[in-house]
Every structure is written in C-alpha cells, then in structure tokens.
Amino acid sequence: MDLWDFEKYADLPAVLTEDGKEYCYKEINLLKQELSRQIRPHALVLISADNDLGGLIGYLTCITHDSVPILLPPEKENANFICIMRHYEPDYLWLSESRYSKMKQQMDIGFENRFSFLGYILLQKRERKETILYSKLALLLPTSGSTGNPKLVRISVTNIVANTKSICKYLSLTEKDRAIMFLPMSYTYGLSVINTHLFVGGSIVLTKAKIIQRRFWKLVKKCHVTFLAGVPYTFECMKKIQADRLELKDLHILTQAGGRLSEEQQQFWGRYAKEAGKEFYIMYGQTEATARISYLPSENCLRKIGSVGIPVPGSSIWIEDENHQKIHLPKKEGEIVCMGEQVSLGYAESQEDLALADQNKGILLTGDLGYLDEEGYLYITGRKNRFAKIFGKRIDLNALEQLAKECFDGEVTALSDDKKIYLYTNTDVTDNELGKIRNYLPFSVDVFEIRSMETIPRKSSGKIDYRGKNNVY
C-alpha cells in the first residue's frame, strides 16, 4: 500500500514502547520485512492485536506486503476469535504467545507453528486452500458489535488512503506529532491514529495502561505526547481524575469519537482547550466509513454545542427521509448519509464474501438519525436500527431485548443514552437472569441498569414507543 514512506522518514522515531525502547522508521521497516518473508502474498491473516510492537508489526506487514489482515482485539473471551476463524478459514494466525497458550486447546487442529517473533506466534494452515480475495480488499474489521458475531467490514486500499489523508488535513498533523496509543488497534478509531501519524512521519507510543492510572500520565509526560484520542468515557474519567490540572505542556491536540459526548463534557473540554491553548475536536465516524465521517473544528467547539461538525475533506453528508429523498430544510430529522472515498466496500459474513466487489459504491446509509443546521453542521439525534454505542462498542438493543425476553417472564424493552443501557421491565429479575444479560455485554465496568415500569409505553400501532427524553423513559 502506498501510504507510509518508511524510507523518507528512515531515521525519525516511529514507535515508542512502554519499556522505554524507541524504534525509528528504518527499524520498523526491517521488522516487518522479516515477518513478511514468512507470509505468502494474497493471504488472509487473522490477527489478535494488542497495543504492543508485535501486534503493530503484524498489521503493518500485512498491509504493506499484499496480504489481508482481520484485526481482532485480545479479548478475555475467545468466542469471537474462534467464531471468526471458523467462518473465514484464514491462511495464517498471528497472536501473542500468552494468548496462544491460553486458547490452543480450543483451536481447531490444522495449524502449525511457523515462526516466533516479537512475543507473537505465526501459525500456518497445514492444508493450503486458495482464498479468493477481491483485488482491492486491504483490511477486515469487526463492526464493534458483540462477541460471537462473524460480520466484518470490508475496507479497501482506497478507503484507508482517502480517510488517512483527510484526517491528517483537518487536524494539520506533522512529523512533530506523537500520539499515545491506548485505544485498541482493532478499533477503527484507534487504527486511524496509527495510520495518520505514520503517514506524516510522526510517532506513536504503545501502552496497555489505563487512562486512570498514574503510569499512563507519566508516560504522556516522559514521551512528550502531543496527541490524545479518546471515547466519551475517556474524557469522563479524565475529568474525574482532574487531568485538566496536570502540567501537559506538550499535549496540544485532543480528539473524541466513539459515541455521543454530553453537552456538559463538551463545554468543559472546550473551555479547557481554549484556556490552555490546545485544540479539542469532536468527531463522528463508523467502521463502515473506515474511520471518520465528520469533525467539529476546534474553534467552533463552544459555539456548536451538541454538534459533530462538518464533513471530513473530500466527502459530503446529507439527510434523507423514509423514502430516501434528500431533505433540504435545516433542522429536519432523517437518516444521515455519507458519500466519499472513505466509504467501505460493504460487509462480509463468511469467506465467500471476501471475493465481493464494491457494494456501497461510495455511499453509506449510516443508520443514524440527525439533521443539519443552517450552516451545514451535523447533529445526531438517534439511531434508526436501535444500536447503542458505548466505549466505542456498538450494542444491538433489539438483540439485547430478545435475549431478555427469553430470560424474563414479562414485558421488556431496552434503551440507551450512550452512557448506560437501561432495561425496562414489569417483572422481578433474579440474579441469575441478570447475570445472563451482563454476559452479553462486552464491558468490564457497570454501565447496565434494570428499571421497573408497570406498563411499557407503546404507540397507537401497538409497537413499543422508544422515544423518551435523551432516549430514556
């Protein structure tokens, strides 16, 4: 892929690790070349990528040496990894030695250990089966959905290049920028941080530290981090630990995506950025659009409270009604539609789908509801297909409802304000039933609440009325 120029930036720092090691572009290039010799071209590689050097080299190797990676997070549960492996039958597996030792008993026999490198193991399928891949397919990412879903987003070289250049342009990134990389690289938002900084000759700091830990902020200071990307929960945590009071003289760009930021948080961080001489960008995106769809210019953060901004460079946004007709009136709600080269090829649910060409043709029906104001700034008001997006993970509320109906003896409905998920029911819920629901949700913190309601609100048609203040009754 013609995206990163490892020769041009050869001696500049590219990657810093938490243990204090620094790798220049020349060294990163040599590492990925060493791994590339073990992987045949046009192969499908399933990667369980952690925020470490081995995970990063696995991704960079595939992208730059004509193989297609499936990036998955190193989750505690192995269900998603096994599910994807069985649906797509990859040619290779690239996973950490510790992950492999924990899950090898669950893995299908048929892979052999080919190469150990950087704390990772490359496993190759014993019986070679030709995987037919669409010529422009470059990357496969999960849809941020729940565990066990085989659906992946098919992303092309053009998609990655277009979105990377677009983001670099509106953020004005340069080789002097250095990002702290704590979002999973299997998450399109986190991956975009890697793509953009390496594109301009900047650098990234890899860490598994949490935003609330002291060692995270020590690393930010020690490595002179200039760029921090987070989801709404990130900024809520930062506010609680009073990160705004830390002496962070090098940090000058903060970006937020991965869900709706509250107006209170937007005002708080908007004021902080203005007073501290920093830039704070609120953004909107989807995996289906490779990463970014819109951004709110930092200078308009306090003037456009609640907005997710304007289209990223090289793209356009409009609103459609239920008949797929464009809505030209300002502040009239409809489905948000995006057009641009960053729009992905479509979905895949099995290996056979990897041969499919471009199904979206550069136009994405986002499934999100919203409107444009008189100045063309986008506001999101809800979701057409009832998905909640929390911590960057997308949860199907309809699927959650169906699960609850199988567990509870009564009426039930699920709503979310993008901070928590609320399950309303007119029956008592046992601890055992509650445990089944919690196991469905891919979170390690408590963002789920059961609420009692005598009667579930319904429309005149008899359908459940999901409309409440802030999407909560």
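**Exercise 1. Find what share of the contacts in the protein chain joins residues 24 or more positions apart.**

Start with the term: a contact means heavy atoms within 4.5 Å. Next, keep the contacts with a separation of 6 or more; residues 24 or more positions apart account for 67% of these. A word on the source: this is a predicted model, where local features need pLDDT of at least 70, side-chain atom pairs count only at pLDDT 80 or more, and totals for chains, interfaces and linings use all residues. Residues are numbered from 1 along each chain as its sequence is written, and side-chain values use heavy atoms, leaving out hydrogens and water.

**Exercise 2. Check the radius of gyration of the protein chain against that of a compact globule.**

Take the radius over C-alpha atoms, and the globule rule as 2.2 Å times the number of residues to the power 0.38. For 473 residues the rule gives a value near 23 Å; the protein chain has 22 Å, so the two agree. As for the box filled by the C-alpha atoms, its sides along the principal axes are roughly 65 × 55 × 45 Å.

**Exercise 3. Work out which residues of helix 8 are buried, and what covers them.**

Helices are DSSP runs of H or I with at least four residues, strands are E runs of at least two, and both are numbered from the N terminus. Buried means under 20% relative accessible area (1.4 Å probe, protein chains only). Across the protein chain, 56% of the 473 residues are buried. In helix 8 (residues 232-240), those buried are Pro232, Thr234, Phe235, Cys237 and Met238. Their cover includes helix 7 (214-222) and strand 12 (227-230).

Methods. Buried < 20%, exposed > 50% of the residue type's maximum accessible area, 1.4 Å probe, protein only.
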